[in-house]
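Here is a short report on a protein model. Look at the sequence and the 3D view first, then read on.

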2 protein chains.
Amino acid sequence: MSTTQTESRNDTRTRLLNAALQAFGSRDYDGVSTREIVEMADANISAISYHFENKQGLYHATVAYLSEILKAGMAEQLDSLEPWLKQASAEDCGEKACQFLGHFFEHILLGEVGKHAPGIIFREQNRPTEAYQILFETLLGPMHKTLAQLVAKYRGQSAQDPQVLYMVHSLLGQTVIFRIAQTTLLKILKQKKYSREDIKGIKHQLGTQCRAILDTQPITNHSDQ
Amino acid sequence: MSTTQTESRNDTRTRLLNAALQAFGSRDYDGVSTREIVEMADANISAISYHFENKQGLYHATVAYLSEILKAGMAEQLDSLEPWLKQASAEDCGEKACQFLGHFFEHILLGEVGKHAPGIIFREQNRPTEAYQILFETLLGPMHKTLAQLVAKYRGQSAQDPQVLYMVHSLLGQTVIFRIAQTTLLKILKQKKYSREDIKGIKHQLGTQCRAILDTQPITNHSDQ
DNA sequence: ACCATTCAATCAAACGTTTGATTTATGTTT
DNA sequence: AAACATAAATCAAACGTTTGATTGAATGGT
């Protein structure tokens, strides 16, 4: 069965996507030239317009591509959680949430993709393009939602409760900051890169803090309205 | 005393800086054209090379400009803290740290500068240029350091203790995430912008979590080596 | 008359995109 | 099976535009 055509098509196509991922991940959209990408991908200039219409099309496709990769990397954690959640105890949910964040931490810090992802993801958060929708639907949304369910069940609150959502956001924030603001922390630690002890220490610290946050008292609706 | 000359120089100079701050804050370095900046600043193209040598020079000056503005906004908090710290009780230090983060939160979310700062600051963290040094020395470093001193004193640890530094980093992370990943949280909340209750609720939540984190048990140096 | 500043005009280089020809694979007819 | 026709994919070359930068003249306060 000659898959040669499809293969060859996907070949330059994926070569372009990989090159674009690397390029867009480490530099601005406008800082990356199409010529640079095709050179990296060992393809011809017009391959971009042929496979993706234009540069923007390639960028959108790249974000979608990244979303899928990242999602796949978290899939085991994410998908298997939904059914597990129904028969889990509240106590288990708290522990699971901490574990999830721990895995997430390692994933973005040590993982292959974590190298290029942050630049793109932040850019889309800061200045959403059409590609943000994809990113949210396939990655950010599900992660947030799953985590919210865990937190909510552990604390006996609703997964739509703003307080829970704020908490989830915080938990993610204190995790990703070690990737986002890596440069600053390393400068303070007077190191060039995280040592093994750093990784271990931070992960432990995040776990401790996660549990402490989860155990804070739910706000009593003493509301003033 | 004829300040007119200096004034006029500073006039277009600062007009350029303000325009550049706005431009670089909302778009990539390469996404911003010099012509666009000078048009915003109502100046001539060659004003850039005259006042800042070239585009890069303008960018560096803009980062320095931003650093100063941000630092000034936090100066009351920051400078008055050093002397205060020496005669403060541990308990006070904990409370002060939480307060500081609260102010910081409002500053980056509601403040004028918070609109343009995140884009630049993140970009410099993710891909440091020469300008990062300025940013670190005048803003990021001092903030981290001050917070570390507060946390350390409250917890009876050293301000150089990695655990303290990790904790400070986390605390900052869970604060800035509400600005950085604003888009995502708003999408989850199904809102266009943070409501007054959101701001209030998040600030309260951050305070609670900050205290919970500060009160976690210091790691016993049960070290395995 | 001098100096700092602003201006319009101009430059080469790099940009994203398009073109028309060429090569490679697939399908059809004999 | 061989010859032809059609489509998919790649290629070098060129397009017009925009980019950051430079120039030398004009302006205005002292």
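The sections below go from the single chain to the pairing of the two chains.

## About the model

This is a predicted model: local features need pLDDT of at least 70, side-chain atom pairs count only at pLDDT 80 or more, and totals for chains, interfaces and linings use all residues. Residues are numbered from 1 along each chain as its sequence is written, chains are lettered from A and ligands numbered from 1 in the order in which they are written, and side-chain values use heavy atoms, with hydrogens and water left out.

## One chain

Chain A has eleven helices and zero strands. Helices (H or I, at least four residues) and strands (E, at least two) are DSSP runs, numbered from the N terminus. Along the sequence, the pattern reads α-α-α-α-α-α-α-α-α-α-α.

The C-alpha trace of chain A spans about 65 × 45 × 45 Å along its principal axes. Of the 225 residues in chain A, 51% are buried. Buried means under 20% relative accessible area, with a 1.4 Å probe and protein chains only. Now take the contacts in chain A (heavy atoms within 4.5 Å) between residues at least 6 apart in sequence: 70% of them join residues at least 24 apart.

## Two copies

Chain A superposes on chain B by a rotation of 180°, with 0.0 Å of shift along the axis and an RMSD of 0.1 Å. The two copies are therefore related as by a two-fold rotation axis.

## Where they meet

In chain A, 55 residues contact 55 residues of chain B. The copies meet through the same surface, because 100% of the interface residues of chain A are also interface residues in chain B.

The buried area between chain A and chain B is about 4900 Å², and carbon and sulfur atoms give 64% of that. This is the accessible area (1.4 Å probe) that two parts lose on being put together, summed over both. On the chain A side, A:Phe122, A:Tyr166 and A:His169 lose the most area to chain B, together 15% of what that side buries.

## What holds the surface

Which kinds of pairs cross between the chains? The rule finds 18 residue pairs in polar contact, both at pLDDT 80 or more. A polar contact is a pair of N or O atoms within 3.5 Å; within protein, one must be able to donate a hydrogen and the other to accept it, and residues adjacent in sequence count only if both atoms are side-chain atoms.α9(A) gives the most to the side of chain A that touches chain B, with 13 residues.

Definitions and conventions: Copies are superposed by least squares on the C-alpha atoms of residues with pLDDT of at least 70 in both. Buried means under 20% relative accessible area, exposed over 50%, partly exposed in between (1.4 Å probe, protein chains only).
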